[in-house]
Amino acid sequence: MWTEIGWPLVVVAGVLFVVLNLAAVLIWMERRLLALWQDRYGPNRVGIFGVLQPVADMVKIFFKEDWVPPFADKVTFVMAPAIIVVTVLLSFVVVPFAPGVIVTDINIGILFFLAMSSLGVYSLALAGWASNNKYSLIGGMRTTAQMLAYEVFMGLSMMGVVIQAGSFSLTEIVEAQRGLWYCIPQCVGLVVFFVAGLAETHRIPFDLPEAEGELVAGFHSEYSGMKFGMFFVGEYLGITLISSLTVAMFFGGWLGPWLPPVLWFAIKTLIVLCLFILIRASLPRFRYDQLIEIGWKYMLPLSLVNLLVTGGVVLLMR
Amino acid sequence: MNAVFYMASAVAILATLLAISRREAVHALLYLIVSLLAVALVFFALGAPLIAAMEVIVYAGAIVILFIFVVMMLNLGEVAREQENVWLSPGIWRVPGIMALLLTGLLVYALFQEDRWLPVDRVVDIKVVAASLFGPYVLMVELASILLLAGLVGAYYLVWRGPIRRPGRRD
């Protein structure tokens, strides 16, 4: 009884608590790390080393006026920020943090993640459309084109891992990496997946939907208060999700000596998260045509070749 | 699972009706997405998780977002809404209504012919689907891929600017 109903509820509560708080901590961590790499201090006034900065930001954002522009499509405008947070949080359902520490181990785990990430596009597209503002609309259209293009080979890059592990379940994929982490045989898949992950979370080399130099703030130009906060939190949740999936699929998930499995998972995820921030600190933004070109002309053929070679090798090894 | 099936089916029917009758194109598409998600749930309740996932990834996630993309690009406003008002006059429902009624009658008749139409106790494994797709139905898969290739070539031709013309040369 306890293990059937109680344990999943504990996992759900734990995952929500850790993931949502991590999103807040990440905002502070990102600003501090960016500052470190750019030879300045960053936020260091609130609390020790400025740790409480996100709390102060949160208080401020809750007391802002909750403004819906009169020219906007009201229902869609309010609904859009919720969609991204809901879809990303739902994706965490299939992430295995340690043996047994998973909300539900469905046998279509990876497909479920892909389904949720393809629904996440609606959030940004609808936000751009509902704002009824040309900058928002252009931002929304860029997001749609970008995420549609990058979703295709994000799915394909994961299929190499699926072929090697012989399962769509992330728990079984982690278990299959006991001998060798998939970051070595699937190095091409790893690179493609990571690039696609950057584009899916529209992080800096691919953050054209909100390019402030040309589009004010892109799809969220008209948003303020906690509705804007939802997009912000959604972005950090997305980065956490991509990092934990990268760890689960390519870096052996919870596998590792001495330390408890959950800790291994956390350490690996944190390293990938820092990589996300380092990329933001070091790369300039792409031009829009370059972005689409990278997607369709290089990444898609690369992931197809990777899939073909993986399939061939697995068949030969049998 | 039976309760999930009936609830999801009810949502699907309701959302589809709303998708047809909305005058704002984007709202209609939003109801279409809800309807597709409900259909995915129906597939899941019937024990076909792969089809359910594909329904969400391909239909809700890729095809309808393209529709929304086009609607956003055209930026239809008041004019389109008035046109929809003209098109959606009560008289227009007559012929499609009769046809839909006929089809519903046929469907209900067919359902009552077969009494084991709800196989909820069986989950179809992904490997079984793959084996039948690339086994007995491989010809259909190939035909579908040829159809997609034709669409791809057609789209490529539409955006092709033709051979580069040099001045002073007729072609």
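I take buried as under 20% relative accessible area, exposed as over 50% and partly exposed as in between, with a 1.4 Å probe and protein chains only. By that rule Glu175(A) is partly exposed at 34%, while Arg178(A) is exposed at 56%. Their side chains meet in a salt bridge of 3.1 Å, N to O; the term stands for a side-chain nitrogen of Lys or Arg within 4 Å of a carboxyl oxygen of Asp or Glu.

Ground rules. I'm working on a predicted model, where local features need pLDDT of at least 70, side-chain atom pairs count only at pLDDT 80 or more, and totals for chains, interfaces and linings use all residues. Residues are numbered from 1 along each chain as its sequence is written, chains are lettered from A in the order in which they are written, and side-chain values use heavy atoms, with hydrogens and water left out.

Salt bridges. Glu30(A) and Arg203(A) make one of them, at 2.7 Å, N to O. Glu30(A) sits in helix α1 and Arg203(A) in the loop between α7 (187-200) and α8 (212-215) of chain A, so this pair ties together parts 173 residues apart in sequence. (Helices are DSSP runs of H or I, at least four residues, numbered from the N terminus.) Glu30(A) is buried at 1%, and Arg203(A) is buried too, at 2%.

I also looked at Glu293(A) and Lys297(A), bridged at 3.7 Å, N to O. They are four residues apart in helix α11 (residues 288-317), so about one helical turn separates them. Shared partners join Glu30(A), Arg203(A), Glu235(A) and Arg280(A) into one salt-bridge network.

Chain A against chain B. I found 24 residues of chain A and 25 of chain B in the contact, which means heavy atoms within 4.5 Å. The buried area, i.e. accessible area (1.4 Å probe) lost on putting the two parts together, summed over both, is about 2,100 Å², and carbon and sulfur atoms give 80% of it. On the chain A side, Tyr122(A), Trp129(A) and Met141(A) lose the most, together 28% of what that side buries. I counted zero salt bridges between the two chains.

Beyond four places in sequence, Leu114(A) contacts Met154(A), Gly155(A), Met158(A), Met159(A) and Ile57(B).

Terms used
Helices (H or I, at least four residues) and strands (E, at least two) are DSSP runs, numbered from the N terminus.
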